[in-house]
Amino acid sequence: MDRKKMVENYKKRILLSVTGMSPAVVTETLYALVTEKGFIPTEIRVITTLQGKNQLIKMLLGIEGGRKERKGALEEFIEDYGTQYGFSHIHFDESCIEVIEDKCGEKLSDIRSPEENELASDQIVKLVGKLCQDDDTALHVSIAGGRKTMGFFLGYALSLYGRKQDSLSHVLVSAEFENQPSFFYPKPYSHKIYNTKGIEFDAKDGKVMLAEIPWVRLGLGVPDELLNNQISYSESVKNAQQILDVATLKFLSPIERRAVLFGTKKIKLSPRGYALLLSLFIAKKQQWAFGVYENMENLSRTYLGIYDVLKYSDSNMAEQFKDLDKIRRTLSDSQTDITKKVRSAFSIGKHSKSQYIPYSYNEIYVLQINLENIDIRQIQENISHIL
């Protein structure tokens, strides 16, 4: 399936843009998407400043002083191209405009200081994460407008949380029409406009081209911490880098505390999670498959032996390992403990993958990290009888 057909399958298609004082980048991008790519948005979302919002409302919606004074550029675009390309409405109103705010919730007129830049980055990354959380949505991100840093943050956020149906672009406008305040898109008929010096141009002659930008899809998923304002842009970068770095494990002493360094993240696992993780290391080192049907004797001996070292050798666990269904449940719960705590520590989404998370197939559990990157020296004496 080609990209156009794939995107058409999404009922909700969003054009997300950043703007400054030139709202025309929105309609220019819209024109190129519709006429060149066949991507017809159902909705437009814009990230901007307070000044940028006022310009958007005035120019795209034709609203001044809270009243509709004339047709906006968006309404004109729909009239000019809607019939030809098969659409009659694109949702865009004041609620679709995200204004960057300061720490007190006041809307920023402009972004000038490093602190304001940081606030912008946090809000941009959060919005992209929120939009990418909806699996029924295809997102097209335009970095053509606004300050350069805003475009960078927008593109980076898409790399973090974007999916295969999402795309990224910059729009190019022919030189004589670039930065003309009365040019919003090429008209399908002759339409005279004038630049700031009073020179006449015909909007029909304007050229707008979409430059699609290749981007790396990291596939980290959208973490709940991002949507709940618990992590910032800089923390997102740091967590992403650690996920991409070579995965390492270090089991810390005393073993009873069940603490493991996943890279630089210290995580305390439950007895079950710890027993599974350490069992998978031992199985990998001894070169046998840790599976319910493959090596049940080795599996039980290793898992229960570690559980015993942790001082949780109650008869209940030993009894569970006499029943196949209970063994399956125990191992599944053990895997879930590791998965949840790794995703929380690295702020990655529910559907994301990581080398730190053991995977399973046909009820065989696998530790993906290389043996040379796993350090058990601090607890080796505790498990020497198992090794």
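In the predicted model, the charged end of Lys265 sits over the ring of Phe346, 5.9 Å from its centre; this assignment requires NZ of Lys or CZ of Arg within 6 Å of the ring centre and within 35 degrees of the ring normal. The model is a prediction in which local features need pLDDT of at least 70 and side-chain atom pairs count only at pLDDT 80 or more, whereas totals for chains, interfaces and linings use all residues. Residues are numbered from 1 along each chain as its sequence is written, and side-chain values use heavy atoms, without hydrogens and water.

Phe77 and Phe87 are both buried (under 20% relative accessible area, with a 1.4 Å probe and protein chains only). Together with Tyr31, Tyr81, Tyr85 and Tyr185, Phe77 and Phe87 form one aromatic cluster.

The protein contains twelve helices and 17 strands, taken as DSSP runs (H or I, at least four residues, for helices; E, at least two, for strands). Its radius of gyration over C-alpha atoms is 28 Å, well over the 21 Å given by the globule rule for 387 residues, so the protein is more spread out than a compact globule; the rule is 2.2 Å times the number of residues to the power 0.38. The C-alpha trace spans about 90 × 45 × 35 Å along its principal axes. Of the 387 residues, 50% count as buried.

Terms used:
Rings of Phe, Tyr and Trp (its six-membered ring) pair if their centres lie within 6.5 Å; planes under 30 degrees apart count as stacked, over 60 as edge-to-face and the rest as tilted.
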